[in-house]
Every structure is written in structure tokens, then in C-alpha cells.
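Please walk through the structure shown below, moving from its charged contacts to its aromatic pairs and then to its backbone.

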Amino acid sequence: MERLSNYAASSTEVLPEFLQVEAFSKLNNAIGKVIEAQADMPILGAVTLYSSLLTFTLHVHPDRLDYADQVLGACVKKLSGEGKLEDNRATKQIVALLSAPLDKYNDIVTVLKLSNYPSVMEYVDSETNKVMAMVIIQSIMKNNTQISTADKVGALFELIKGLIRDLDGAAHDQVDEDDFKEEQNSVARLIQMLQNDDTEEMFKIICTVRKHILTGGPKRLPFTVPPLVFSSLKLVRQLQGPEENPFGEEGSTTPKKVFQLLNQTIETLYGVPAPELALRLYLQCAEAANDSDLEPVAYEFFTQAYILYEEEISDSRAQVTAIHLIIGTLQRMHVFGVENRDTLTHKATGYSAKLLKKPDQCRAVYACSHLFWVDDQDNMKDGERVLLCLKRALRIANAAQQMSNATRGSTGSVTLFVEILNKYLYFFEKGNTQINAAAIQSLIELITAEMQSESNSPDPAADAFFASTLRYIQFQKQKGGAVGEKYEPIKV
């Protein structure tokens with residue numbers, strides 16, 4: 001069979017000869033008789049025969065899927081009394097058998113039409129199942145295969161279930177951490193590739209994927225939930241398109257429906273636990289809800305993020321990262337009414353002032369000043385509250401200096417003051433009337449005095465930062481015109 005396969009592969013002109021002599025059915029019958037005659041034939045022998053016959057079939061009759069399926073069916077029948085294969089060589093032959101259609105068609109969608117293909121997969125152990133699943137995913141990646149219906153996605157995820165959940169109680173102890181990550185990242189990439197422009201079908205695909213990945217257990221969810229969330233957010237953006245049905249039929253997919261599903265999906269990360277990841281995903285969803293003009297939904301996602309922050313994130317560095325993410329996302333929101341925005345902003349400034357380390361507090365508080373001044377929205381420019389934030393940041397920076405003086409006998413670096421000075425200059429340029437030249441002047445004098453004080457510990461980076469800030473002021477003064485005039489009163 002192998003010689004004939006090679007002959008068939010060497011030239012397409014010889015294919016009609018095989019058809020004339022009905023090569024497939026003759027070989028198929030012969031194999032059947034050989035296997036039947038030897039009741040005690042080791043399973044390796046039978047699988048090797050079927051593997052060669054399948055290779056022959058794919059070369060000679062590439063268009064006859066029914067022939068390929070027949071071979072797989074016969075193999076399943078032979079394996080049916082065996083249970084899981086123990087023999088390594090037989091397992092290798094099964095992998096060859098299952099890889100052949102993938103190599104030939106370069107298309108998992110065609111392979112999914114072979115009804116006996118998944119049945120053969122049932123007879124290999126969980127390790128081999130994983131190997132085959134990786135081969136399948138790599139084939140999809142390499143050929144950029146489009147799998148665009150929920151049914152096909154369901155069938156595909158059944159095939160690669162070795163990567164999606166623990167099979168037959170496979171213990172986690174022997175799992176190599178790097179291999180595990182690589183496998184899960186492949187599944188994540190696969191989820192990103194599933195796409196259908198029909199929003200109804202895409203929603204079904206997302207639900208199918210969700211059903212499968214939620215069985216994966218806490219170790220897998222941090223890898224598989226984020227790609228599913230981003231695929232869903234992509235669908236939300238599709239639904240915002242111009243062709244959205246304004247009357248919305250009863251059963252149709254709407255952004256609201258997708259957001260409900262997202263909320264339930266991200267909640268599954270609580271059990272992992274992966275609170276920082278969940279918080280990031282909630283904020284991403286809040287931003288998408290903002291783009292869809294769904295205020296209550298965006299508010300709900302923010303509330304969830306805040307609850308996570310309060311109850312689950314206790315590490316001080318993680319808190320700093322989280323609070324800056326919250327401030328950054330909140331600053332981009334335009335969907336909130338006055339009341340909701342005030343509530344969320346108030347919370348964010350409160351969290352900032354409660355951070356563990358004074359420098360972190362100071363930086364988070366001055367970052368909050370941007371929540372009260374959004375460039376492209378005139379109704380969100382509150383100069384007074386910006387100034388309050390910056391003054392509060394100054395007080396914290398001052399307290400940090402005094403603490404440093406009390407504990408170390410020397411004041412800390414003036415970096416925080418220079419950072420606040422830069423914020424003053426930013427809002428000064430943006431036209432915030434509360435921040436005037438006099439305030440900037442007194443801040444420059446304060447920093448200069450601090451730097452010259454005897455207890456100040458030298459910090460070349462802070463000195464360079466301050467010097468470059470002063471050069472910037474000088475440069476703006478020399479510009480002339482309205483900008484130069486504005487900067488004129490500041491003495492450097």
C-alpha cells in the first residue's frame with residue numbers, strides 16, 4: 001500500500017488506473033480478511049494496516065471522504081474491544097492515522113466531516129489526546145482556517161478536549177508548567193481565530209466556547225477567559241455598526257445580552273482566584289459599554305471592579321497598578337451622568353489617598369486631578385477640584401518628606417514635588433484659571449529651597465528632572481505671543 005501511495009503521489013496521471021481496478025475496495029477487503037483470519041493479531045499490526053490504507057486512500061481518492069471515513073470506522077470497530085491503548089508504538093500509529101487527513105486536506109473543517117474521526121481519538125490516552133489536539137490547533141493556525149459556525153466549533157472543541165479539561169482524572173502533579181502554558185496559549189489563540197460576520201451565529205459560537213472552557217478548572221481559566229472576553233467585545237463593536245436593527249427583534253443578539261454573558265464569565269475568575277485579571281477585564285467591558293452608550297451597564301462593571309479592589313486586592317503594588325487603571329479608564333468615560341460620575345470619582349480619590357506608601361498616595365491623588373478636567377468635554381472641566389487634588393498631593397508629598405526626615409535624618413528626594421509642578425504646568429497650559437503663575441512660582445521656590453536645605457539627600461535624577469522642567473518654562477517664555485505672555489510672570 002505504501003509503494004502504491006508513493007506511486008500515486010508521484011504523478012496525477014496514474015490515478016485513473018487505480019479507479020479502473022477498484023484498488024480501494026480490493027485493498028479494503030484484503031485487509032478485512034487478513035485481520036479477521038488472525039484473531040490474535042496485535043493491535044499495532046491492525047492499526048498499522050489501517051494507517052497505510054488511509055494514506056493510500058487520501059492519495060488516490062482525495063475527493064472521496066466516505067472512503068476515508070470507512071477506513072476510520074473499520075479501525076474504530078477493531079479498537080472497540082480494547083479500551084485505552086497501552087502500547088506506545090500502536091499509539092504512534094494512531095497519531096499517524098489521525099494526522100494523515102490533516103496533512104492532506106490542510107483544513108480541519110473537512111476533517112470534521114469524517115464522522116468516525118472523533119471516535120478514534122477516544123482510544124488514545126490523555127497525553128496523546130493532548131498531542132493530537134496541538135497538531136489540530138497548529139494545522140488551523142498554519143492554514144488560517146475559518147471555523148465559522150457554532151456546530152463546527154462544538155465539534156472541534158470536543159476533538160481538542162484533552163487541552164480544555166482534565167481527562168480521566170489525569171493528575172496535575174506530573175504536568176510540566178511550561179508545556180501547560182504553551183498548550184493553554186494555543187487554545188487562547190484558537191479562540192481569537194473563531195469569527196463570523198453574522199452576529200447571531202457569532203453569539204452562538206461565543207456561547208459554545210464558553211460552555212467548553214468553563215469545564216477547564218481554575219488553572220486554565222486565566223488563559224481562556226480573556227480571549228473569550230475580547231472576542232465578545234469585538235462582537236459588541238460589530239453590533240454598534242450602522243446596520244444594527246433599531247427595533248431589535250425579540251430573539252436577536254444585542255450588546256446588552258453580550259454584556260450579561262460577559263459579567264457571568266468574568267465572575268468565574270473569582271474562584272481561581274485571579275482578582276487583578278478580573279478587574280482589568282471589568283474595566284475593558286466598562287469602556288465597551290461606554291462606547292455603546294449603556295450607562296447602567298458601564299456603572300455595573302465599574303461597581304464590580306471596585307468591589308474586587310476593596311475585597312480581593314490586598315498587595316500594595318497590585319493596588320497601585322489597579323488604582324491607576326481605574327483612574328485611566330474612568331477618565332475616558334463620557335457616558336455617566338453627573339451623579340454616577342461623582343460617586344465613582346469620589347471612590348477613586350478615596351482609594352488613592354488610602355494607599356500604603358506616601359509616594360504612591362501622592363502619585364495616585366495627582367492622577368485623580370485628570371478626572372475633573374477632560375479636554376474634549378466642556379462640561380467636565382472643574383478647575384477648583386483640580387486644584388484641590390494637586391494641593392492634597394502637595395500635602396502628602398510634604399508629609400513624605402517629613403517622615404523621611406524623622407526616620408532617616410535626611411529628607412527624601414524632591415522628585416514628587418517636581419512631578420506635581422509638571423501637573424501644575426499641564427493644567428496651566430490647558431487654561432485652568434485656578435492654576436496661576438503665582439502658584440507655579442511659589443512651587444518652584446519651595447523646590448529650590450528644599451534642594452538647597454542641608455538635610456536634603458542628593459538625587460541626581462531629581463535634579464536633572466527639575467532642571468529640564470525649568471528649561472521648558474524658559475523655552476515657553478521665549479516663544480513669544482500668547483504663550484510667552486502667559487509664562488512671562490514666572491521667574492526661573
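This is a predicted model: local features need pLDDT of at least 70, side-chain atom pairs count only at pLDDT 80 or more; totals for chains, interfaces and linings use all residues.

**Charged contacts, rings and backbone**

Arg-332 has a relative accessible area of 45% and is therefore partly exposed.

A search of the whole structure finds 13 salt bridges. One of the salt bridges is formed by the side chains of Lys-204 and Glu-201, with a distance of 4.0 Å from N to O. Here the two residues lie three residues apart in helix α13 (residues 199-213), so that about one helical turn separates them.

Glu-158 is partly exposed, its relative accessible area being 37%, while Lys-161 counts as buried at 12% relative accessibility. These two residues also belong, together with Glu-122, to a network of salt bridges.

Other charged side chains gather in surface patches. Asp-176, Asp-178, Asp-179 and Glu-182 make up a patch of negative charge on the surface. Of this group, Asp-179 has its place in helix α12 (residues 177-193), and its relative accessibility of 43% makes it partly exposed. A patch of positive charge is formed on the surface by Lys-354, Lys-391, Arg-392 and Arg-395. Arg-395 is placed in helix α21 (residues 383-408), and it counts as exposed because its relative accessibility is 56%, where the class of exposed residues begins over 50%.

The aromatic side chains come next. In the structure as a whole, a search finds 14 aromatic pairs. Among them is the edge-to-face pair of Phe-18 and Phe-56, whose centres are 5.6 Å apart and whose planes make an angle of 75°. Because Phe-18 lies in helix α2 (residues 15-20) and Phe-56 in helix α4 (residues 43-60), this pair ties together parts that are 38 residues apart in sequence. Phe-18 and Phe-56 are both buried. The rings of Trp-373 and Phe-427, with centres 6.4 Å apart and planes at 75°, likewise form an edge-to-face pair. Trp-373 lies in the loop between α20 (358-368) and α21, and Phe-427 in helix α22 (residues 415-429), so this contact ties together parts of the chain that are 54 residues apart in sequence. Trp-373 and Phe-427 are buried as well. Aromatic residues also form a cluster, which consists of Tyr-299, Phe-302, Tyr-306, Tyr-309, Phe-336 and Tyr-351.

Between Val-272 and Pro-273, however, the peptide bond is cis, with omega about -10°, and Pro-273 has its place in the loop between α15 (255-267) and α16. Asn-106, a residue other than glycine, has a positive phi near 50°; it is found in the loop between α6 (88-105) and α7 (108-111), where it is partly exposed with a relative accessible area of 34%. Asp-293, which is not a glycine either, has a positive phi of about 60°. This residue lies in the loop between α16 and α17 (295-312), and it counts as exposed at 55% relative accessibility.

One more loop residue, Pro-42, is found between α3 (23-37) and α4, and at 56% relative accessibility it counts as exposed. Its C-alpha atom is separated by 9.2 Å from that of Ala-90, although the two residues are 48 residues apart along the chain.

Conventions
Residues are numbered from 1 along each chain as its sequence is written. Side-chain values use heavy atoms; hydrogens and water are left out. Patches are made of residues with over 30% relative accessible area and no salt bridge: like charges are joined within 9 Å, nonpolar side chains (Val, Leu, Ile, Met, Phe, Trp, Tyr) within 5 Å. Accessible areas come from the Shrake-Rupley method with a 1.4 Å probe; for residues, only the protein chains shown count as cover. Lys and Arg count as positive and Asp and Glu as negative; His and the chain ends are not counted. The place of a charge is taken as NZ of Lys, CZ of Arg, CG of Asp or CD of Glu. Helices (H or I, at least four residues) and strands (E, at least two) are DSSP runs, numbered from the N terminus. Buried means under 20% relative accessible area, exposed over 50%, partly exposed in between (1.4 Å probe, protein chains only). Rings of Phe, Tyr and Trp (its six-membered ring) pair if their centres lie within 6.5 Å; planes under 30 degrees apart count as stacked, over 60 as edge-to-face and the rest as tilted.
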